[in-house]
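Colleague: Please walk me through this structure, beginning with a sheet.

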Amino acid sequence: MNHSTFTFDLEQTVRDGAARAGRFRTPHGGVETPAFMAVGTLATVKALDPVELREMGAQMILSNSYHLHLRPGDELVRDFGGLHEFMAWDGPILTDSGGFQVFSLATLNTVSEDGVEFRSHIDGSKHRFTPESVMQIERNLAADVIMQFDHVIPGQSDEASARDASERSVRWLARSVAELERLRDGGRPPTTTAPRLASDPKPPFPRPAPSHPQALFPIVQGGIHAHLRREAARAIRQLGDWAGFGIGGLSVGEAKPDMYEMLDVLDDEIPRDRPRYLMGVGFPEDLLEGVRRGVDLFDCVAPTRMGRNGAAFTRDGRLNIKRAEYRLDLRPLDEDCDCAACRRFSRGYIRHLFLADEMLGLRLLSLHNVHFLVRLMRDARGTIRDGTFDAWSRQWLARYHSRSSTA
Ligand SMILES: [Zn+2]
């Protein structure tokens, strides 16, 4: 690959209404869109091996700058040659900037124009994120797509707060770009390298830092205020020619119709030849409604988190495997599913694993749930290409909602 000429393109796009199917090119391969990205917060999609992710057709995964900065440290990941090498996933990776985490997980956060001071949710230690420091962290992690550091506010914030955070996020975007250019021009991050122990391995460790290009995605904020979303999208477009766009601050407590309205508004404001990533959104109904409104990429911790709690997605709604009614159930979690769990194991067996606290149980449910969303997006791509997405997705949702009472 010639790095100097590489471009992150959205190719071969087919449209069906506002829904689109295409292929997003990254230095670690293409991503057929629309696509669900499994979340590997700490450089692991919880309970799943990258081989299993590859087998189920997962294309791109997401990891978190906030978490990896705190543990094990982004410099340590860099010394392993970046995230791809560290976690043995050779497909595309996107890193979140920590904007969401410093405002949701960390305690005592203080926002200024410069950045955010916060205390770690792990040990209470004090940290500071700025647009510049986050670019250094994301460069060390070396994902294909990196998100800007943004100011995230609660879903139902008033207009003044939403405007303040949105405009600050745009100013932080300009600083992110300047810092990335400085780093690309050979500037070293001003942070010290991870402390060395006498027992540390000798060269070839640390491995050379990866040199593949990274695409910076801006994040469109603006709460549930259509005019703020429009203004943010326009201000961001004036700052550069972006390889893709993040849509942030949705699915954070606002009503669903508000989220859908913001997506409709942004469909006209974001260039249609660039991928759009709806951040942190990933329940089946959100995926289909997002695709219908022109979204290409999604991520959510729900499939693995629910899996660890005993809940499974099925075509007929959510199922809680711990319920007594599944005690003698010979059927797979979902009779239409071709995942490695559904091909071999019964509901009754998986229920037994959960009740006995056997770790295979949560692995199987996590695997099934991620597979379920990956396949849902594969089916969506097929129907968009056939021109049948609208009817198919309405039927899919009608069945999903018709028997959801088992959750
Ligand atoms: Zn399955």
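Colleague: Before we go on, what are the ground rules?

Modeller: This is a predicted model, in which local features need pLDDT of at least 70 and side-chain atom pairs count only at pLDDT 80 or more, while totals for chains, interfaces and linings use all residues. Residues are numbered from 1 along each chain as its sequence is written, and side-chain values use heavy atoms, with hydrogens and water left out.

Colleague: Back to the sheet: how many bridges join E1 and E2?

Modeller: Strand E2 (residues 19-26) pairs with E1 over five bridges, antiparallel. Leu 10, for one, has Phe 24 in E2 as its bridge partner.

Colleague: Is Gln 12 buried or exposed?

Modeller: Gln 12 is exposed, with a relative accessible area of 55%. Buried means under 20%, exposed over 50%, and partly exposed in between (1.4 Å probe, protein chains only). Ser 251 also has a positive phi, near 60°. Ser 251 is in the loop between strand E13 (245-247) and helix H9 (256-269), and is partly exposed at 35%.

Colleague: On to Arg 292: which side chains does it contact?

Modeller: The side chain of Arg 292 makes a polar contact of 3.3 Å with that of Glu 289 and one of 3.0 Å with that of Ser 393. Such a contact is a pair of N or O atoms within 3.5 Å, where one must be able to donate a hydrogen and the other to accept it; residues adjacent in sequence count only if both atoms are side-chain atoms. Arg 292 lies in helix H10 (residues 284-292) and counts as buried, at 14% relative accessibility.

Colleague: What is the volume of the largest pocket?

Modeller: The largest pocket has about 740 Å³. Its lining has 36 residues, and Phe 100, Gln 101, Gly 280, Asp 299 and Val 301 are the closest to its centre. Helix H11 (302-308) is among the elements that give two or more residues to this lining, and contributes the largest share, five residues. On a 1 Å grid over the protein atoms alone, a pocket is an open set of points where a 1.4 Å probe fits, with protein on both sides within 12 Å along at least five of seven lines; lining residues have an atom within 4 Å of a point. Points are joined across faces, edges and corners, and the volume is the space filled by probe spheres set on them.

Colleague: And which residues lie nearest the centre of the second largest pocket?

Modeller: Ala 215, Leu 216, Asp 241, Trp 242 and Ala 243, out of 17 lining residues. This pocket has a volume of about 380 Å³.

Methods. Helix = DSSP H or I, 4+ residues; strand = E, 2+ residues; numbered from the N terminus. Pairing = 2+ DSSP bridges.
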